[in-house]
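Me: I would like to learn how to read the features of a structure one at a time, with the general idea before the particular case. Could we go through it together?

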Amino acid sequence: MTLLTELRAMLGSLGLLTLCAFVLSLEYRSWPLRHARTDIVVRTLGAAVAGLLLALYPVALGSAEFTLRLVPVALIALFYGPLWGTLAALPGLGLVLPAGLPALLATSGVLAGSVATRLLLGPPQGQLGVVAPAWWRWWAAPLSLSAGLLDLLPVGRGALSAVPAALLFLLVSYWTMMLVLTSRVRLLRSTTALRREAYSDPLTGLRNRRQFDQDLHALGRGDLVALLDIDLFKEVNDTLGHAEGDRVLREVAAALTRGVRGDDHVYRVGGEEFALLLRCLDLEQGAAVVRRSLEQVREVQVQGQPVTLSGGLAVHDEQEVPSRTVARADAALYRAKQAGRDRLMLAGRQPHPHAPDDQGEFTARSALALINGDRDPTRQQWNEVLRAVVGGVPGAEAGSLYMVDAGGDFVVCAQHGFADTLLDVRRSPASMQRWYAWPVPAWQAGHPRILRGPEVMAAAAVATTLETHLTGREHESLMKPVEAISATLGVPVVVDGQVSAFLNLDRLSGADGFPDGSPGVAREAAGQLGAVLFTRLRRERAARHVRELEALARVTEALRDTRRKDEVLNVVMTMTHELLGAREIVFLAYESGPDVLTSTTTSGVSPGQGQVTLQRGQGLAWEAVRTGDILRVADVRTATRIHRPSFLQGGALLAAPLQREHNLLGVLVLTRDTPFQEWDTHLVRTLAAHFLTALDRAEQLRALEEAREGTLLALGLTLEARDMETHGHTARVTQLAQRMADALSLSDPDRSALRDVAYLHDIGKVQVPDDLLRKPGPLTPEERRVVEQHAPAGEALARHIPGVGRATLDVVRHHHERWDGAGYPDRLAGRRIPRLARLFALCDVFDALTTDRPYRPAWSAEQALAFLADQAGQQFDPELTGVFLTLMRDGEAAAPSMDA
């Protein structure tokens with residue numbers, strides 16, 4: 001037997017082993033791997049079937065023969081012990097038992113070697129040895145499989161010369177099977193890790209908002225929801241930087257985790273917002289758990305000061321939806337912040353208003369009525385609330401309420417005791433702070449201030465002068481009401497860290513001013529007004545959240561079918577235009593060699609423009625990369641320090657860096673005519689995250705497709721080696737099929753199916769005996785029936801390979817059918833034969849005719865084309881035959897390169 005024949009037999013057996021390993025790996029469907037008794041039984045049965053198949057195809061080395069039947073047996077014995085290894089070996093042993101004692105000794109030796117390996121090296125650690133040391137997998141093979149060479153003994157002394165080659169082949173086979181299985185496990189582990197990252201916060205490791213929203217649906221009676229917010233966290237970021245802020249977030253997350261019980265869950269649901277889900281406790285017990293967690297958090301220090309949290313806690317009632325429970329906890333959180341922060345408020349318990357009469361209670365009831373409403377308060381409602389506040393604060397006789405509008409100015413929305421001409425009077429924030437007349441920290445903290453007599457006129461004059469200077473118009477309307485005021489009590493209304501309204505309470509008669517208790521009552525009233533505004537803010541946030549979710553759903557739908565980077569970029573460009581109303585979009589790709597950002601994709605830019613290259617440090621894009629965050633400018637045309645290419649026409653500009661860990665992909669730059677808001681920033685951040693996820697998926701799909709195609713190619717080469725076909729048959733048939741696909745403008749799925757068919761079309765021949773495949777003369781009718789079974793057998797085998805579609809299976813089964821119905825296996829005729837099968841038959845037959853075969857020499861290309869033309873309408877589709885003949889004779893060589 002020649003060396004080439006021996007090599008083909010070895011490759012054929014190795015290919016069958018690889019196919020068996022691939023099919024066995026499909027049993028691993030989730031990570032971590034399951035090792036229950038039923039799972040081990042299924043894997044053992046799979047190994048037994050693989051061993052039985054391998055026993056049917058012995059490998060000849062000189063005068064010796066052996067099989068790979070013991071390779072899967074060795075793996076089972078190594079990982080699960082000798083008992084399971086024995087069960088896996090029984091079917092194959094029964095097939096080779098007529099060989100006598102050596103076959104029994106080989107099986108027993110491999111089992112004993114596996115036991116010895118487990119004793120010497122220890123069993124593999126982790127999931128299928130994925131985390132076992134590399135040396136373990138390399139040395140386990142020779143220790144376990146050496147005894148398998150006893151299969152050579154019946155041949156005699158001549159078999160001794162084949163021992164080294166046989167041992168090497170066994171080791172290669174073992175490592176091949178181990179590689180296929182471990183590759184599958186690594187893929188499962190990576191997929192699980194990506195899924196886990198989608199439901200956890202990358203900074204703190206806690207569960208994220210997405211997981212929180214899912215877990216809310218499982219709330220039961222007696223479960224509690226706590227919402228927590230780090231006090232004054234914005235100041236930490238603004239004064240100490242984001243790195244210090246990240247440290248605080250991580251340590252707060254760890255402290256909260258230490259404070260709760262094992263069955264409770266901690267979430268990071270926003271920037272500095274956290275949530276707790278506590279199981280099966282009453283309100284007092286839950287409050288004790290939360291307070292213990294808050295004490296743990298106080299151990300975190302920032303510049304020597306403890307970090308504090310404000311919190312709201314609500315117990316879930318089975319009569320309400322979970323979102324209502326969250327809303328009650330959120331309202332309690334806001335009350336905790338209004339009450340001075342660093343405390344826990346329980347939902348359903350209202351702070352006791354300090355008011356001297358029933359007017360204070362009326363104020364609370366009015367405010368709560370507005371809070372519970374689902375619409376913004378009307379001017380009449382604001383007037384009712386203001387009248388109640390004026391009546392409830394000792395010494396107050398009149399008042400006005402300023403609200404911040406969308407443009408950022410303070411506008412009078414209610415008045416009591418003055419003329420209606422005061423309504424809609426507008427002040428800038430700077431002018432309002434001058435009217436407040438106290439330091440900025442007091443303004444930002446919402447401290448009440450009192451001005452008396454000349455102080456009132458002085459503050460009003462300064463504020464009016466500044467307003468005139470800012471707007472260029474006289475504002476006498478600001479001074480007229482002040483002339484009647486003897487004392488004024490003003491309270492900034494702080495909502496979510498920002499002054500969102502200003503409450504003026506005025507005394508018009510007498511020189512006594514306000515009694516000592518008035519500032520406290522006024523601040524309590526301002527807190528209730530803040531609760532109303534906060535509810536409106538929450539409603540706006542909820543509406544924004546709904547819009548963001550809708551946008552997220554649209555983006556997810558659009559990115560679902562993308563498979564390449566350019567497709568992902570096009571979707572992002574389109575969705576950014578639609579969701580943010582962007583005027584121009586430029587993607588600046590990072591080039592690591594020259595260390596520059598270069599525009600590669602644009603949208604909304606005039607043709608022929610949009611080309612720009614930014615050196616490191618140039619422009620807002622590089623600044624966004626340096627900070628690692630999204631940056632925006634309200635009007636880049638007036639920002640002379642920011643680089644703005646001439647082709648960008650939009651005034652507002654936003655730059656979003658796209659990077660995974662330390663790997664910079666590029667920067668997405670957007671412009672539009674109106675300034676970008678904070679909500680736009682959140683939306684772009686969501687788009688960027690989905691963009692990166694889609695890119696990761698595209699990279700993984702590309703890698704999987706390459707790995708899959710490589711495996712199929714190796715399988716095709718193995719099959720052609722066993723069939724003694726001329727070297728390069730698979731590659732040549734692939735080239736011919738793709739040329740036909742170009743000529744017929746076939747779709748991408750059809751092209752992919754043709755590539756797969758080129759690798760798999762004769763996979764069924766693994767079941768045809770070698771003597772029939774290599775027979776130089778004509779086959780007998782019985783032999784032909786056996787050979788013809790390779791087509792349906794190939795379809796059955798290919799069906800078990802993931803990713804092989806219906807079109808591929810149809811071609812594998814029907815590529816030997818004839819146009820006149822005389823083919824096999826189903827005797828289909830004419831257009832009942834799948835079109836791709838008719839196309840592939842032309843390519844397969846042409847290559848077979850123009851290459852040497854055991855039963856005839858190769859034909860010339862012209863002879864082969866003449867045969868195809870003669871068989872048009874009999875064996876081949878006449879229309880497709882005409883296309884093929886034209887393609888092969890028109891402009892290019894009649895056959896693909898033999899080096900293909």
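Me: In which helix is alanine 327 found?

Reply: Before the answer, some ground rules: this is a predicted model, in which local features need pLDDT of at least 70 and side-chain atom pairs count only at pLDDT 80 or more, while totals for chains, interfaces and linings use all residues. Residues are numbered from 1 along each chain as its sequence is written, and side-chain values use heavy atoms, with hydrogens and water left out. Helices (H or I, at least four residues) and strands (E, at least two) are DSSP runs, numbered from the N terminus. Alanine 327 belongs to helix 12, which spans residues 322-338, and the protein has 30 helices and 21 strands.

Me: Is alanine 327 buried or partly exposed?

Reply: Buried means under 20% relative accessible area, exposed means over 50%, and partly exposed lies in between (1.4 Å probe, protein chains only). Alanine 327 has a relative accessible area of 35%, so this residue counts as partly exposed. Across the protein, buried residues make up 50% of the 900 residues.

Me: Which residues does glycine 245 touch, leaving aside those up to four places away in sequence?

Reply: A contact means heavy atoms within 4.5 Å. With that exclusion, glycine 245 touches Phe233, Val236 and Asn237. Glycine 245 is placed in helix 10 (residues 242-259), and its relative accessible area of 0% is why it is classed as buried. For the protein, among contacts between residues at least 6 apart in sequence, 64% join residues at least 24 apart.

Me: How many aromatic pairs does the structure hold?

Reply: Rings of Phe, Tyr and Trp (its six-membered ring) pair if their centres lie within 6.5 Å; planes under 30 degrees apart count as stacked, over 60 as edge-to-face and the rest as tilted. The structure holds 9 such pairs. One of them joins tyrosine 436 to tryptophan 443 in an edge-to-face arrangement, with 5.5 Å from centre to centre and 70° between the planes. Tryptophan 443 also pairs with phenylalanine 502, and here the rings are stacked, at 5.9 Å between centres and 20° between planes. This second pair links distant parts of the chain, since tryptophan 443 is in helix 16 (residues 440-445) and phenylalanine 502 in strand 15 (residues 498-507), 59 residues apart.

Me: Which residues form one aromatic cluster?

Reply: The cluster consists of Phe410, Tyr436, Trp438, Trp443 and Phe502. Tyrosine 436 is buried at 0% relative accessibility, tryptophan 443 is buried at 5%, and phenylalanine 502 is buried at 0%.

Me: Which arginine lies over the face of tryptophan 31?

Reply: A charge sits over a ring if NZ of Lys or CZ of Arg is within 6 Å of the ring centre and within 35 degrees of the ring normal. Arginine 189 lies over the face of tryptophan 31, at 5.8 Å from the ring centre, and arginine 210 lies over that of tyrosine 199, at 5.7 Å.
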